[in-house]
Amino acid sequence: MRGTFGLAGKRVLVTAASRGIGFGAAKAFLEEGARVVINSSNRQRISAAARELKAVGEVHAVVGDLTHKEDLDRLIAETKRHLGGIDIFVYVTGPPEAGTFLEKGYDEWEEAAELMVVSPAYLARLVALDMVDSGTKGSMIFLASVTNREPILTIATSGVCRIAISGLTRTLARELGSKGIRVNGILPGYIDTARVQKILDTAATRKRISRSQALRELEGEIPMGRLGTTKEVAQVILFLASELSSYVSGALVPVDGAYLRSVG
Ligand SMILES: NC(=O)c1ccc[n+]([C@@H]2O[C@H](COP(=O)([O-])OP(=O)(O)OC[C@H]3O[C@@H](n4cnc5c(N)ncnc54)[C@H](OP(=O)(O)O)[C@@H]3O)[C@@H](O)[C@H]2O)c1
């Protein structure tokens, strides 16, 4: 058996996985010997990701925008066609647009709610119905953010709308517990992905400092003094997906190098 988490042969769906945290999670599952469907909204990028991951194991790409209902319906139908069902569901969202609260108008709030409230809830329901109907004792893992606990003012929509993922995780964990389905969330801090590189570029331009200075300033806010890696997030996802966490459900686990200050 491949891997250390006992996930060989498991049927896994990872959304928003053409790069970054989602891609890292998909790769980690493949290294464990799982069978994986990856999704993103861009055909070229998700096909390139699938080509790269095919060297590791069985992977299928499904193009679909997480903010379009018909794409969500098709994503689940195609995942079931490829894998025969879903044992593990990893929900990664597309990133919210940056900006402070006062910069955001009606359309942007509506867009953010679509991305961070409606999309995960609707997709989770489709997965839950399938797991319940097929008697699968599955695991769901929702990627959210440290903003679920402490807002970051430059991504106001995340601080307001992403909190829904915490409510979704707890609600589903309680409703599905009796069916043997576990539901958990992860709150990443600053993880080294294209998104964080863009945040650093923006900070450097705004503050008129060099990029390396912007990185030093950000690292100064993190007690462990560095960005996290997608592999470090993936290892926690594997743990939550596996039987090693068999009595963990409804948990929201920070993976943030001690960035969060709040207690509880
Ligand atoms: N990196 C961090 O430090 C960090 C910390 C906390 C939370 N997060 C959150 O975690 C999520 C992933 O972050 P990341 O750093 O991995 O971002 P990233 O490197 O920018 O990757 C984002 C992924 O989302 C996909 N995507 C974007 N919009 C989509 C849509 N509408 N439908 C389907 N897929 C979509 C992108 O693929 P396509 O462009 O191919 O569609 C890409 O694969 C984001 O929501 C981010 O806010 C990240």
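## Terms and model

Helices and strands here are DSSP runs, numbered from the N terminus; a helix is a run of H or I with at least four residues, and a strand is a run of E with at least two. In these terms, R208 sits in the loop that joins helix 7 to helix 8 (211–220). The model is predicted.

## Two domains

The domain assignment divides the chain into domain 1 (11–190 + 230–255) and domain 2 (192–227). Between the C-alpha centres of domain 1 and domain 2 there are 26 Å. Eight residues from domain 1 and eight residues from domain 2 make up the contact. On the side of domain 1 that touches domain 2, four residues are nonpolar, three are polar and one is charged.

## The ligand shell

There are 29 residues around the ligand, and A16, G20, S40, G94 and T193 come nearest. Helix 1 (20–31), helix 2 (43–53) and helix 7 (194–207) are the elements that give two or more residues to the shell. Sorted by class, this shell holds 14 nonpolar, eleven polar and four charged residues.

## Helix 7 and the residue after it

Helix 7 has 14 residues, which should span 20 Å at 1.5 Å a residue. The C-alpha atoms at the ends of helix 7 are 20 Å apart, which agrees with that figure.

R208 follows helix 7. The phi of R208 is positive, about 55 degrees, although R208 is not a glycine. R208 has 7 other C-beta atoms within 10 Å and is therefore exposed, as the cut-off for exposed is 12 or fewer.

## Helix 4

Helix 4 covers residues 106–134, 29 residues in total. From its first C-alpha to its last, helix 4 reaches 40 Å, close to the 42 Å expected at 1.5 Å a residue. At E114, helix 4 bends by about 40 degrees. The residue that follows helix 4 is G135, with a positive phi near 70 degrees.

Which residues of helix 4 are buried? They are A112, L115, M116, S119, P120, L123, A124, V127, A128 and M131. An α-helix has 3.6 residues a turn, so residues three or four places apart point the same way. The cover over the buried residues of helix 4 includes helix 3 (69–83), strand 4 (88–91), strand 5 (139–143), helix 5 (156–161) and helix 6 (163–176).

## V183 in strand 6

V183 belongs to strand 6 (residues 182–188). Is V183 buried or exposed? V183 counts as buried because 27 C-beta neighbours lie inside 10 Å, where the cut-off for buried is 20 or more.

Apart from neighbours within four places in sequence, V183 is in contact with M140, T169, L172, A173, L176, S249 and G250. V183 and F89 are 94 residues apart in sequence, while their C-alpha atoms are 9.4 Å apart in space.

## After strand 7

D256 is in the segment after strand 7. With 21 C-beta neighbours inside 10 Å, D256 counts as buried. Not counting residues up to four places away in sequence, D256 touches V146, L187, P188 and G189. One of these, P188, is 68 residues from D256 in sequence, and the C-alpha atoms of D256 and P188 are 5.5 Å apart in space.

A258 is also in the segment after strand 7 (252–255). A258 is exposed, with 11 other C-beta atoms within 10 Å. The phi of A258 is positive, about 70 degrees, although A258 is not a glycine.

## Before strand 1

G9 lies in the segment before strand 1 (11–14). With 13 other C-beta atoms within 10 Å, G9 is partly exposed. Leaving aside neighbours within four places in sequence, G9 is in contact with G33, A34 and R35. G9 and H68 are 59 residues apart along the chain, and 30 Å separates their C-alpha atoms.

Key. Residues numbered from 1 in each chain as written. Predicted model: local features only at pLDDT ≥ 70, side-chain atom pairs only at ≥ 80, totals over all residues. Domains from an automatic or database assignment. Contact = placed C-beta atoms within 7 Å. Nonpolar A, V, L, I, M, F, W, Y, C, P; charged D, E, K, R; others polar. Near = placed C-beta within 6 Å. Expected span 1.5 Å × (residues − 1). Bend = angle between axes of the 7 residues up to and from the residue.
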